[in-house]
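Here are my notes for you, point by point. Have the model open while you read them.

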Amino acid sequence: MPANQELLMLLNKRIKNVTDEIKDQNADALLIFNQANYRYLTNFTGEEAELILTKDGDRVLLSDSRFKDQIRHQAPGELEVVMQTMDNIKEISHQLQKLPVKKVLVEGEFISASQFDTLVEQNPDIEFVLCNELVEKARTVKDELELKALQKAIDISMQSFKEILPLIKPGVTEKAIGAKLDYLFKINGGEGPSFETIIASGYRGSWAHGVASDKKIQEGELIVIDFGSFYNGYTADITRTVALGQVDSELEKIYRIVYEAQKRGIEAAVAGHTGADIDKAARSYITEQGYGEFFGHGIGHGIGLEIHELCTPAMPYSKEVMKDNMAITVEPGIYLPDKGGVRIEDDILISGKDPITMSNLPKKELLVL
């Protein structure tokens, strides 16, 4: 099957899933601002666009002349493309008034209060209702094309990580390691880092989000490396903790605890379990070992077109029920103030009762450089 035809078939499935949600809300259309969401439904990757999706699956993409040829090449299927010549809310109103719509859902997270008020004022015959994460709900379960892109992003990230290990030596700054890793993502076929790369050595390892700094790495330190590349819009998110030379015995101990906790968390990442079930499986072990107070963040989140999915008030990870082909992270950690920290994170595909670890970098033993 030609690639374009395969893409169109998958887009049509995605469109149907979202239009089913629109119908469930007794609405006629959905107004989409989130770039990840209109990309999911059109394959158009540009910024500064909006998409109107009707309950019947008709799509109206509003953009501007900068993206005309890009849209033509990227977006297959029946798609009305409007090159905007006026303020975007005014253009949206103009297009909505051409459609047989009476009730329109609006992505509440991506429109300001003043824009929403203007939309209501300009369309007195249309009822507008703010909604939360209709497209995101459909995006939680990945299709074949998404899983291929996600695995490629993971493979690129892992290869790049392997290539920076020889550079980790005493006196090298965290920023130097992080910059090289970000560079390698692109050299190895990716689109660059999907978040600000974390390189946290020594005492900074206790900072869960210790992005690369000017600190020089020293002998006898643990280094927490949290990284991920984009590929075709999809993102990896992996963490490994390595040692430069021999480290304190307690740091070796917490590494073994985190490894076992992650193993238990992954085993619990099965269809039918909630995020809270996965969290409990890992957290209870860390607590039993006496380090519960030093694991303060959640066990994971969804990944896909965005680095953090399934982790909002509308779709909290703890309450979400795992389904086949959801992609999540499992990332327990222990962070000892002023001493160092350990985190191990992998990308996991929900597959019935047998979770698949998509990132397979070694981790059973602490890697000593």
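1. Start with Asp64, which is buried, at a relative accessible area of 17% (buried is under 20%, exposed over 50%, partly exposed in between, using a 1.4 Å probe and protein chains only). Its side chain meets that of Arg66 in a salt bridge, 2.8 Å from N to O. By salt bridge I mean a side-chain nitrogen of Lys or Arg within 4 Å of a carboxyl oxygen of Asp or Glu. The structure holds 21 of these salt bridges.

2. Some ground rules before going on: this is a predicted model, where local features need pLDDT of at least 70 and side-chain atom pairs count only at pLDDT 80 or more, while totals for chains, interfaces and linings use all residues. Residues are numbered from 1 along each chain as its sequence is written, and side-chain values use heavy atoms, with hydrogens and water left out.

3. Now look at helix H3, residues 68-74, where Arg72 and Asp69 sit 3 residues apart, about one turn of the helix. (Helices are DSSP runs of H or I with at least four residues, strands are runs of E with at least two, and both are numbered from the N terminus.) The two side chains form a salt bridge at 3.5 Å, N to O. Arg72 counts as exposed at 57% relative accessibility, and Asp69 is partly exposed at 46%.

4. Which parts of the chain does the salt bridge between Lys142 and Glu309 link? The closest N and O atoms of this pair are 3.2 Å apart. Lys142 is in the loop between helix H6 (134-139) and helix H7 (144-164), and Glu309 is in the loop between helix H10 (275-288) and strand S12 (327-330), so the bridge links distant parts of the chain, 167 residues apart. Both ends are buried: Lys142 has a relative accessible area of 4%, and Glu309 has 9%. Shared partners join Arg139, Lys142, Glu306 and Glu309 into one network of salt bridges.

5. How many disulfides are there? A search of the whole structure finds 0, with a disulfide taken as a pair of cysteine sulfur atoms within 2.5 Å. For Cys131, the closest cysteine sulfur is in Cys311, 18 Å away, and that is too far for a bond. Cys131 is buried at 8%, whereas Cys311 is partly exposed at 37%.

6. Helix H9 (residues 249-267) has 19 residues and should span 27 Å at 1.5 Å a residue; its end C-alpha atoms are 28 Å apart, which agrees. (The expected span is 1.5 Å times one less than the number of residues.) Its buried residues include Leu251, Ile254 and Tyr255. Asp248 caps the N-terminal end, with a side-chain oxygen 2.8 Å from the backbone nitrogen of Glu250.

7. H7 can be checked likewise: its 21 residues should span 30 Å, and its end C-alpha atoms are 31 Å apart, which agrees. Among its buried residues are Glu146, Leu147, Phe161 and Ile164. At the start of H7, a side-chain oxygen of Asp143 comes within 3.2 Å of the backbone nitrogen of Leu145.

Key:
A polar contact is a pair of N or O atoms within 3.5 Å; within protein, one must be able to donate a hydrogen and the other to accept it, and residues adjacent in sequence count only if both atoms are side-chain atoms.
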